Amino acid sequence: MNNYELMVILTPVLSEEDFKAAQKKYTDFVIENGGSITHSNPWGLKSLAYPIQKKTTAIYWVLEYSAPSDFNEKLKVQFLRDDQILRHMITVLDKYAVEYNAKKRRGVPTGNEKAVEA
């Protein structure tokens, strides 16, 4: 089992219910194929750096999960079939990235915080 981080950019015209349904669909897909969900982080509506399909905003979602190495191709096919998804990116996490993300979620200082000047 490898650790991965998935960033999905969904179309901005989705309702809150449709967005939650899309999240559930893909988290269930990960679990059905022998994976496990580590953390789900919906970022919500954000501005895009450049237009995608004539849209200037989109809904972002980040999912951290563990899955077998052949799983990502199945997931990619599902994303390409779904017209709600504008872009996706899957990143392999090494043990240091997994540890860093866990510390960040717990609020433990990671050493990368900006110093606050008084």
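Biologist: In which helix is the place of Asp 28?
Modeller: The model is a predicted one. Within this model, Asp 28 has its place among residues 16–32, and that run is helix 1.

Biologist: Is Asp 28 buried, partly exposed or exposed?
Modeller: The relative accessibility of Asp 28 is 27%. Buried means under 20% and exposed means over 50%, with partly exposed in between. At 27%, therefore, Asp 28 counts as partly exposed.

Biologist: How far apart in space are Asp 28 and Tyr 60, C-alpha to C-alpha?
Modeller: In sequence, 32 residues separate Asp 28 and Tyr 60. In space, their C-alpha to C-alpha separation is 18 Å.

Biologist: How many aromatic pairs does a search of the whole structure find, and what is the geometry of the pair formed by Phe 29 and Phe 71?
Modeller: The search of the whole structure gives five aromatic pairs. In the pair of Phe 29 and Phe 71, the centres are 5.6 Å apart and the planes stand at 40 degrees. Planes under 30 degrees apart count as stacked and those over 60 as edge-to-face, the rest being tilted. The pair of Phe 29 and Phe 71 is tilted.

Biologist: Which parts does the pair of Phe 29 and Phe 71 tie together?
Modeller: Phe 29 is buried at 16% relative accessibility, and Phe 71 is buried at 1%. The two parts tied together are 42 residues apart in sequence, because Phe 29 lies in helix 1 and Phe 71 in helix 2 (residues 71–81).

Biologist: Which geometry does the aromatic pair of Trp 43 and Tyr 60 have?
Modeller: Trp 43 lies in strand 2 (residues 36–52) and Tyr 60 in strand 3 (residues 55–67), so this pair ties together parts 17 residues apart in sequence. Trp 43 is partly exposed at 41% relative accessibility, whereas Tyr 60 is buried at 13%. With 5.9 Å centre to centre and 20 degrees between the planes, the pair is stacked.

Biologist: Which residues do ring pairs link into a cluster?
Modeller: Phe 29 and Phe 71, the tilted pair, belong to this cluster. Its members, linked by ring pairs, are Tyr 4, Phe 29, Tyr 65 and Phe 71.

Biologist: Which element gives the largest share of the lining of the largest pocket?
Modeller: The largest pocket has a volume of about 250 Å³, and its lining includes Trp 43. Strand 1 (2–10), strand 2, strand 3 and helix 3 (95–106) each give two or more residues to the lining. By class, the lining has four nonpolar, three polar and four charged residues. The largest share, four residues, comes from helix 3.

Methods. Residues numbered from 1 in each chain as written. Predicted model: local features only at pLDDT ≥ 70, side-chain atom pairs only at ≥ 80, totals over all residues. Heavy atoms only, no water. Buried < 20%, exposed > 50% of the residue type's maximum accessible area, 1.4 Å probe, protein only. Phe/Tyr/Trp six-rings, centres within 6.5 Å; stacked < 30°, edge-to-face > 60°. 1 Å grid on protein atoms, 1.4 Å probe; cavity = no way out; pocket = protein on both sides within 12 Å on 5 of 7 lines; lining within 4 Å. Points joined across faces, edges and corners; volume = space filled by probe spheres on them. Nonpolar A, V, L, I, M, F, W, Y, C, P; charged D, E, K, R; others polar.
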